[in-house]
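Student: Please take a close look at one part of this model, starting from the surface and then turning to the aromatic side chains and the sheet.

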Amino acid sequence: MKLTLYAVGTKMPSWVTQGFSEYSRRFPRDLPFELVEISAGKRGKNADIARILEKEGEQLLNAIPKGNRIVTLEVEGKPWDTPQLAKQLERWQFDGRDVALLVGGPEGLSPACIEASEQKWSLSSLTLPHPMVRILIAESLYRAWSVNTNHPYHRE
């Protein structure tokens with residue numbers, strides 16, 4: 001099984017790239033974790049946000065191979081603590097399908113992405129900066145993997 005984070009936005013600060021890379025490289029070969037970036041639509045003073053959101057959603061969904069489990073990251077999603085996320089990760093692995101995790105741009109995800117998702121995950125009820133979300137997802141999933149494999153990274 002492969003985990004892939006599909007995120008709207010490119011040109012992240014170096015600390016984001018380094019942080020995400022640090023955790024993604026730690027995943028074992030049988031559970032690779034990758035990042036696919038989707039270009040954000042141009043947002044100007046009179047931008048048509050609904051249209052931009054729709055286009056970003058189309059790009060996200062077109063980038064995901066058929067058959068993937070789609071999990072959207074949303075404030076309204078289910079909050080999972082570390083043991084719950086570890087159980088989710090285990091279920092995904094038993095399911096055998098690759099998992100596509102979707103993070104939207106400044107206005108979130110398009111209705112089409114939300115409709116296509118099988119699960120909705122909330123990292124926090126706080127509004128988090130999108131660059132930081134990438135690192136939080138990578139660290140959380142790595143920690144969940146470490147719980148499932150009794151790796152010393154996670155100490156209770």
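Tutor: Trp-15, Met-132 and Leu-136 make a nonpolar surface patch of about 270 Å². Such patches are made of residues with over 30% relative accessible area and no salt bridge, where like charges are joined within 9 Å and nonpolar side chains (Val, Leu, Ile, Met, Phe, Trp, Tyr) within 5 Å. A salt bridge is a side-chain nitrogen of Lys or Arg within 4 Å of a carboxyl oxygen of Asp or Glu. Accessible areas come from the Shrake-Rupley method with a 1.4 Å probe, and for residues only the protein chains shown count as cover.

The model is predicted: local features need pLDDT of at least 70, side-chain atom pairs count only at pLDDT 80 or more, and totals for chains, interfaces and linings use all residues. Residues are numbered from 1 along each chain as its sequence is written, and side-chain values use heavy atoms, with hydrogens and water left out.

Met-132 has a relative accessible area of 36%, so the residue is partly exposed (buried is under 20%, exposed over 50%, partly exposed in between; 1.4 Å probe, protein chains only).

The structure holds nine aromatic pairs. Rings of Phe, Tyr and Trp (its six-membered ring) pair if their centres lie within 6.5 Å; planes under 30 degrees apart count as stacked, over 60 as edge-to-face and the rest as tilted. One of the pairs is Trp-80 with Trp-121, stacked at 5.4 Å centre to centre with 25° between the planes. Trp-80 sits in the loop between β3 (69-79) and α3 (82-95), and Trp-121 is in strand β5 (residues 119-122), 41 residues apart. Trp-80 counts as buried because its relative accessibility is 15%, and Trp-121 is buried at 1%.

Tyr-142 and Tyr-153 form an edge-to-face pair, 4.8 Å centre to centre and 70° between the planes. Tyr-142 is in helix α5 (residues 130-148) and Tyr-153 in the segment after α5, so this pair ties together parts eleven residues apart in sequence. Tyr-142 is buried at 4%, whereas Tyr-153 is partly exposed at 23%.

Leu-73 stands opposite Trp-121 in β5, and five bridges join β3 to β5, which run parallel. The open sheet has five strands in the order β2-β1-β4-β3-β5, with parallel pairing (two strands pair if DSSP finds at least two bridges between them). β2 (33-38) and β5 are the edge strands, each pairing on one side only.

Note on methods: Helices (H or I, at least four residues) and strands (E, at least two) are DSSP runs, numbered from the N terminus.
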